[in-house]
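Please look first at the sequence and the structure shown below. The paragraphs that follow lead through the arrangement step by step.

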Amino acid sequence: MFTCPSCNREINSQTNDCFCGADLTILQTLGSVADAWFNKAIESLHENQTGRALEWIAACCSARPDDINALFVLAKIWIKLNCIHEARNVFERIKRLEPDHSEIANFEVFFEKCDQNQSIK
Ligand SMILES: [Zn+2]
C-alpha cells in the first residue's frame, strides 16, 4: 500500500495511474525495489549475515519509513547485534506508528529487562 503524492489517496492495488490522473509508475518501481531490499534482508538473516541484513533493511526502512514489518525486522537485527539503544529508537518509532501492535508488549518486557540488567551493573 502507498500514498499518491498528488492527492494523498491510499492506493492498494497494482496500478500505474491514480484516479486523480497522477502517474504512479515511479512509485510502483520504488515499492518493488523496497520489497526486494526487504527480501534480501530476510535472506541475509537466514544466512546469518547480520551485518548485511542490517544494510538491506535500513535501506528498506528509509524508502518506506512507516513500514511496520520492516521496522520490526530492523529492531530485531539491532537487538541481535546487541545495539539496544538503536533497537529502542526503532521500537519507539513502531510504537508511535502502531501503538496496538501485538508484538509491542514483548518488546516492552525485553527493554525493561535490559534496563534492570544495566542498573545491576
Ligand atoms: Zn492521486
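Setting aside its neighbours within four places in sequence, Cys60 is in contact with Ala34, Trp37, Phe38, Ala41, Asp67 and Ala70. Here two residues count as in contact if their C-beta atoms, placed from the backbone, lie within 7 Å. Residues are numbered from 1 along each chain as its sequence is written. The model is predicted: local features need pLDDT of at least 70 and side-chain atom pairs count only at pLDDT 80 or more, while totals for chains, interfaces and linings use all residues.

A residue is buried if 20 or more other C-beta atoms lie within 10 Å of its own, exposed if 12 or fewer, and partly exposed in between. Helices are DSSP runs of H or I with at least four residues, numbered from the N terminus.

How do these helices lie against one another? H1 and H2 pack at an angle of about 160°, with their axes 8 Å apart. The axes are lines fitted to C-alpha atoms over the stretch in contact, and angles run from 0 to 180 degrees between N-to-C directions. H1 and H2 are therefore roughly antiparallel to each other, a term used for angles over 145 degrees. Their crossing is left-handed: the near helix is turned anticlockwise from the far one by less than a right angle. By class, the residues of the contact of H1 with H2 are 12 nonpolar, two polar and two charged. Ala, Val, Leu, Ile, Met, Phe, Trp, Tyr, Cys and Pro count as nonpolar, Asp, Glu, Lys and Arg as charged, and the others, Gly among them, as polar.

The next pair is H2 and H3, which pack at an angle of about 150° with their axes 9 Å apart. That makes H2 roughly antiparallel to H3. The crossing of these two helices, H2 and H3, is again described as left-handed. Cys60 is one of the H2 residues that make this contact, and Ala70 and Leu74 are among those of H3.

Helix H3 (residues 68-80) also packs with helix H4 (residues 84-97), at an angle of about 160° and with axes 8 Å apart. H3 and H4 are therefore roughly antiparallel to each other, and their crossing is left-handed. The residues of the contact of H3 with H4 comprise 13 nonpolar, no polar and two charged.

Two loops deserve attention. Asn48 lies in the loop between H1 and H2 and has a positive phi of about 65° although it is not a glycine. Asn48 is exposed, with 9 other C-beta atoms within 10 Å. In the loop between H3 and H4 lies Asn82, whose phi is near 65°, a positive value in a residue other than glycine. Asn82 is exposed, with 8 other C-beta atoms within 10 Å.

Finally, Ser119 is located in helix H5 (residues 104-120). Ser119 and Cys60 are 59 residues apart in sequence and 35 Å apart in space, C-alpha to C-alpha.

Terms used:
Angles under 35 degrees count as roughly parallel, over 145 as roughly antiparallel, 65 to 115 as roughly perpendicular and the rest as oblique.
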